[in-house]
Amino acid sequence: MPTPLQTIGILIAYLTSVTIWMLFNLHGLVLTLRQAAGQVVAQWRGLRHGVAYDESFTVQLPFHGRWKVVNGGVDPPTSHSWELIGQRYAYDFVIGDEATGLSYSG
């Protein structure tokens, strides 16, 4: 768990990058506003129901074969972005070549 000072630093870096992204990208502004609205709704639902999140879930992935999780988890140390509820249980998958283990060709 980060210290309060580290948390402030992370927040400042995040807000700075998002602000720059929104200023130069109208699509980024729309996406950021939608994500912020989703964050508010998720927090409100958590307060209303007395729980911030539900740890049980079922996933059906839109791909087949052997893939590797390179980022993601169900707790703060392994999570993709724990502070953002919409990305709290996000996973990044990479497919690798069975023979070489590489995620690219050439």
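His80 sits in the loop that links strand S1 (67–71) to strand S2 (92–95); strands here are DSSP runs of type E with at least two residues, helices are runs of H or I with at least four, and both are numbered from the N terminus. The model is a predicted one, so local features need pLDDT of at least 70 and side-chain atom pairs count only at pLDDT 80 or more, while totals for chains, interfaces and linings use all residues. Residue numbers start from 1 along each chain as its sequence is written, and side-chain values use heavy atoms, with hydrogens and water left out.

Which residues does His80 contact, leaving aside its neighbours within four places in sequence? The list runs Asn71, Gly72, Gly73, Gln87, Arg88, Ala90 and Asp92, where contact means heavy atoms within 4.5 Å. With Ala90, the two C-alpha atoms are separated by 5.6 Å, and the residues are 10 apart along the chain.

Now for the chain as a whole. The protein chain holds 2 helices and 2 strands, and along the sequence they come in the pattern α-α-β-β. Of its 106 residues, 11% count as buried. Taking contacts between residues at least 6 apart in sequence, 35% join residues at least 24 apart. The accessible surface (Shrake-Rupley method, 1.4 Å probe; for residues, only the protein chains shown count as cover) comes to about 8,700 Å², and 64% of that belongs to carbon and sulfur atoms.

Helix H2 covers residues 26–49. Just after the helix, Gly50 takes a positive phi of about 80°.

Four residues of H2 are buried: Gly28, Thr32, Gln39 and Gly46. Helix H1 (4–23) is included in what covers the buried residues of H2. Thr32 has a relative accessibility of 15%, which is why it counts as buried. A polar atom of the Thr32 side chain lies 2.8 Å from the backbone oxygen of Gly28. Beyond its neighbours within four places in sequence, Thr32 is in contact with Val18, Trp21 and Met22.

Met22 belongs to helix H1 and is partly exposed, at a relative accessible area of 24%. Not counting residues up to four places away in sequence, Met22 touches Gly28, Leu29 and Thr32. Met22 and Thr32 are 10 residues apart in sequence, and their C-alpha atoms are 7.6 Å apart in space.

Another residue of H1 is Tyr14, partly exposed with a relative accessible area of 31%. Together with Leu11 and Leu15, Tyr14 forms a nonpolar patch on the surface, with about 270 Å² of accessible area in total. Patch residues have over 30% relative accessible area and no salt bridge, with nonpolar side chains (Val, Leu, Ile, Met, Phe, Trp, Tyr) joined within 5 Å and like charges within 9 Å; a salt bridge is a side-chain nitrogen of Lys or Arg within 4 Å of a carboxyl oxygen of Asp or Glu.

Definitions and conventions:
Buried means under 20% relative accessible area, exposed over 50%, partly exposed in between (1.4 Å probe, protein chains only). The expected span of a helix is 1.5 Å times one less than its number of residues. A polar contact is a pair of N or O atoms within 3.5 Å; within protein, one must be able to donate a hydrogen and the other to accept it, and residues adjacent in sequence count only if both atoms are side-chain atoms.
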